[in-house]
Amino acid sequence: MYIAAIDQGTTSTRFILFDQQGKIVAVDQKEHQQIYPQPGWVEHDPLEIWQNTQELISSVLLKSGIRSSDVAAVGITNQRETAVLWEKSTGKPVHPAIVWQDTRTDKICNAFSLDGGQDRFRSTTGLPLATYFSGPKIKWILDNFAGFREQAQNGEILFGTIDSWLIWNLTGGPENGLHITDVTNASRTLCMNLESLDWDAEILKTMDIPRAMLPQIRSSSEIYGKINLGQLAGVPIAGVLGDQQAALFGQTCFDVGEAKNTYGTGCFMLLNTGTRAVQSQNGLLTTLGYKIGDSAAVYALEGSIAITGALVQWLRDNFGLIQNSSDIEPLAKSVNDSGGIYFVPAFSGLYAPYWRSDARGVIVGLTRYINKGHLARAVLESTAYQTREVLDAMNKDSGVDLKALKVDGGMVFNNTLMQFQADILGVPVIRPTVSETTALGAAYAAGLAVGVWKKIDDLRANWGRDAIWRPQMEMDERKKLYAGWKKAVTRSFDWIE
């Protein structure tokens, strides 16, 4: 028996088949277009994402020779705060998907913060007012297009994060498609109550978002319904987790105090806080970790960093300094250090622990000595420094000093970065044997729901260590470099009036 996972990320979609040991049997991937209509705006085409998903399912089943009757269930994991609005009767999006990185809702967020500040909804949602989350994106679309709010009130226009969009299409679309999401994705809208795990009536009223357009909130692991088209027709969809929660689950961070860091387009560190929602005093997000069927919800603290892997892509696509993302490591290794420069990639403002939408990217410390190798190294080091800031905040909030960091995502195969990460954190960094932990987490959630695995402890047996990096840097050097980074970050503030 196999478990399938749809991993719908910010830059690409993957379809992966796993066996019962959590090993990858077959995989295919497809990038989708990144649309930048104006500075600070980022969009995706939901129909392109849906088309890519269908093509990937077909190609993987064809390539592997595995029949749909051998697939026990499908799990879905997705970019979390990206907002899609579509017509219920036709399935056509009424607007391009507004991506989590998009900053067009800054005026909406600033207006809301005039009454109660940036933390106005934090005690209810665990989140600050920020352009990152999907609730303000819904409001922006409804505010800017005549007639949309009335249609939404009548249930004629539906909202969903990407998981909802895919599930609705997979289960029938206009012909009775399921309109659902899970607690982890709902917890990223700025509209879900952390205690009740339902949409918060007061916040919906404040934001003027009709409840009729919102999906039903379900657990992360249960049989929601069956796929009714294509080669997977009849296979149950049984697991849904936002991508970072899926990685927490795939890394088997089931105990309080266990943490993981995913290095993707952005960087996301999550710490399991158990069945208690810990409100952050240090700029972190309080979020749902996962909810397995009828079991109690498990919460997490999260540090979100907007730009990490995306900075390498920027160096490749906008500057042509490298041809492939993997070329960054040899270029960075052509020098011994960053030559005293720091790169603060506040392209969409700064996320945790600052939450400054007025910040913009800066490179500081430039001299005639600096060459492209130093720039490449500064790009990698910025990811490690930002992770250190988040870890410091987590240690303060949780009162637990992290002993090691489990890592996953595309950048964990960059040994130079991983060694510097261990050096700047002062703790070991551990990469698991299966680095596709996001997709694996979704597969685990689906497999649990259909009985492929009986309990979450069965999943720990699948986890294995592939590599470990131990700190080698002297304490004084670590302090000096980190102090320079903190100084550099302040130079990015107050750029946007």
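Just after α9, T252 takes a positive phi of about 50°.

This is a predicted model, where local features need pLDDT of at least 70, side-chain atom pairs count only at pLDDT 80 or more, and totals for chains, interfaces and linings use all residues. Residues are numbered from 1 along each chain as its sequence is written, and side-chain values use heavy atoms, with hydrogens and water left out.

Reader: Which residues of α10 are buried, and what covers them?

Author: In α10 (residues 309-317), the buried ones are G309, A310, L311, V312, W314 and L315. Their cover includes α11 (328-332), β19 (342-344) and α12.

Reader: Why are α12 and α13 called oblique to each other?

Author: Angles under 35 degrees count as roughly parallel, over 145 as roughly antiparallel, 65 to 115 as roughly perpendicular, and the rest as oblique. α12 (residues 372-398) and α13 (residues 415-425) pack at about 40°, with axes 9 Å apart, so they are oblique.

Reader: How do you know which residues of α12 and α13 meet?

Author: Contact means heavy atoms within 4.5 Å. On the α12 side, R377, L380 and Y385 are among those that meet α13, whose partners include L417, F420 and I424.

Notes. Axes fitted to C-alpha atoms, helices over the stretch in contact; angles between N-to-C directions. Helix = DSSP H or I, 4+ residues; strand = E, 2+ residues; numbered from the N terminus. Buried < 20%, exposed > 50% of the residue type's maximum accessible area, 1.4 Å probe, protein only.
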